[in-house]
Amino acid sequence: MRCSITLAVMVAAGAPVLQAQGKFPPDSFTNLKVLPKTIGKQELLATMRGFALGLGVRCTYCHVGREGAPLDSVKFAADDKRTKRVARVMMDMVKHINEEHLADVPERPEPHVVVKCETCHRGVARPRLLADEIVLYLADSGLAAAVRRYRDLRGRYYGSEAYDFRELPLVELARTEARAGRSDNAIGLLQLSAEFFPNSGMTPAARGDVYLEKGDTARALASYREALAKDSTMGMARARIQQLNARPRPGP
Ligand code: HEC
Ligand code: HEC
């Protein structure tokens, strides 16, 4: 984030440094349509820095200029980039949410929760939930591509607040796929889950349910046993094992 870092340093120094050549920050802002025209430099720049951090992008995601180029070469007033125009819509939306919709919340507890860009964006430009992202890949490009996407996102965002990489959402997604009749997707997602959560009983228990629904009682039994071996508190897996063992087996 070169431009924001430069900015951070400048803001921290609180100083009109680097004013020798071009001009950053500019003397006046010439194209403000949402922010108050009287906004101070520091406040505008802090707002911009908030946008960049909130979306996990650099200044040039919205402004015309080369990434990493000196800030005085960026055409901040230009509206050429779609993303800058989207940002205006977003600023207006956030204002409406905070000032109108949330003002109508009955007996609203204090202090108020204020919606900001990162409330939705959490460090990504298009704030899609992880499960929705994976469903999109499953539908458009299939299981292998979806699994690659998951790994890629996990590699880039694990530890940030962008996506929820815990076991439960992945297992729930697998269950949703199974309910929709796509048991191959479900098994594939559970395989991925088993890789990241090798010691948990939740994933093999869900796999057991998927196999049971498919009528594969042998694999279902093995999965429930695995779940119970990993987590002896898995009462549901224990109950299923008992039910399956009590069933009359089909004759030879
Ligand atoms: C998510 C998009 C987005 C990002 C990222 C962003 N900006 Fe902006 N910027 C805007 C929008 C939108 C406006 C116009 C606001 C308005 O119309 O009131 C603006 C306006 C400005 C202006 C005033 C231009 C003028 O003269 O009217 C400056 C200066 C500026 N941004 C600097 C920055 C800097 C520096 C960064 C990086 C730290 C940055 N911006 C990151 C969207 C963005
Ligand atoms: C209530 C949730 C929410 C808030 C708050 C929010 N956004 Fe968004 N934003 C979205 C959603 C959803 C999208 C994706 C819209 C789409 O393309 O389907 C989006 C898309 C964008 C995009 C376009 C990204 C792209 O590459 O297409 C920009 C830029 C953006 N938001 C900037 C902002 C800024 C700046 C703020 C704070 C002033 C903000 N957003 C606040 C929900 C939000």
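1. A residue is buried if its relative accessible area is under 20%, exposed if it is over 50%, and partly exposed in between. Methionine 90 has a relative accessible area of 34%, so it is partly exposed. Keep these cut-offs in mind for the points below. Note too that this is a predicted model.

2. Start with the fold. The chain has eleven helices and zero strands. Read along the sequence, the pattern is therefore one α after another, α-α-α-α-α-α-α-α-α-α-α. The chain has 252 residues, and buried residues make up 35% of them.

3. Now the iron site. Which protein atoms are donors of the iron atom of ligand 2? They are SD of Met90 and NE2 of His121, and they lie 2.0 to 2.4 Å from the iron.

4. Methionine 90 is in helix α3, and histidine 121 is in helix α4, which covers residues 117–121. They are 31 residues apart, so the pair links distant parts of the chain. Their accessibility can be compared with the cut-offs above. Methionine 90 is partly exposed at 34%. Histidine 121 is at 10% relative accessibility, so it counts as buried.

5. One of its oxygen atoms is 2.5 Å from an N or O atom in the side chain of arginine 82. An oxygen atom of ligand 2 is 2.6 Å from an N or O atom in the side chain of arginine 126. A nitrogen atom of ligand 2 is 2.8 Å from an N or O atom in the side chain of histidine 121.

6. Turn to ligand 1. It is surrounded by 23 residues, and the closest are Met48, Cys59, Cys62, His63 and Arg88. The shell around ligand 1 divides into 16 nonpolar, three polar and four charged residues. Its largest share is four residues, from α2.

7. Which parts of the protein make polar contacts with ligand 1? An oxygen atom of ligand 1 is 2.8 Å from a polar backbone atom of threonine 30. Another contact puts an oxygen atom of ligand 1 at 2.7 Å from a polar backbone atom of lysine 33. A side chain takes part as well: an oxygen atom of ligand 1 is 2.5 Å from an N or O atom in the side chain of arginine 88. The elements that give two or more residues to this shell are α2 (41–55) and α3 (82–101).

8. Is it buried or exposed? Arginine 88 counts as buried, because its relative accessibility is 14%. Its side chain also reaches the backbone oxygen of asparagine 31, at 3.1 Å.

9. Check the cysteines. The structure holds zero disulfides. Cysteine 59 is at 18% relative accessibility, so it counts as buried. Cysteine 62 is at 16%, so it counts as buried too.

10. Two peptide bonds need a look. Most peptide bonds are trans. A cis peptide bond joins phenylalanine 24 and proline 25, with omega of about -10 degrees. Proline 25 lies in the loop between α1 (2–13) and α2. A cis peptide bond also joins glutamate 110 and proline 111, with omega of about -10 degrees. Proline 111 is in the loop between α3 and α4.

11. Finally, check phi. Most residues other than glycine have a negative phi. Glutamate 107 is not a glycine, yet its phi is positive, about 40 degrees. It lies in the loop between α3 and α4, and it counts as exposed because its relative accessibility is 79%. Arginine 122 is not a glycine either, and its phi is positive, about 50 degrees. Its place is the loop between α4 and α5 (130–141). Arginine 122 has a relative accessible area of 19%, so it is buried.

Terms used
Residues are numbered from 1 along each chain as its sequence is written. Chains are lettered from A and ligands numbered from 1 in the order in which they are written. This is a predicted model: local features need pLDDT of at least 70, side-chain atom pairs count only at pLDDT 80 or more; totals for chains, interfaces and linings use all residues. Side-chain values use heavy atoms; hydrogens and water are left out. A residue is near a molecule or strand if one of its heavy atoms lies within 4 Å of it. A polar contact is a pair of N or O atoms within 3.5 Å; within protein, one must be able to donate a hydrogen and the other to accept it, and residues adjacent in sequence count only if both atoms are side-chain atoms. Ala, Val, Leu, Ile, Met, Phe, Trp, Tyr, Cys and Pro count as nonpolar, Asp, Glu, Lys and Arg as charged, and the others, Gly among them, as polar. A disulfide is a pair of cysteine sulfur atoms within 2.5 Å. Buried means under 20% relative accessible area, exposed over 50%, partly exposed in between (1.4 Å probe, protein chains only). Donors are N, O and S atoms within 2.8 Å of the metal (3.2 Å for Na, K and Ca); water is not among the atoms, so sites may look incomplete.
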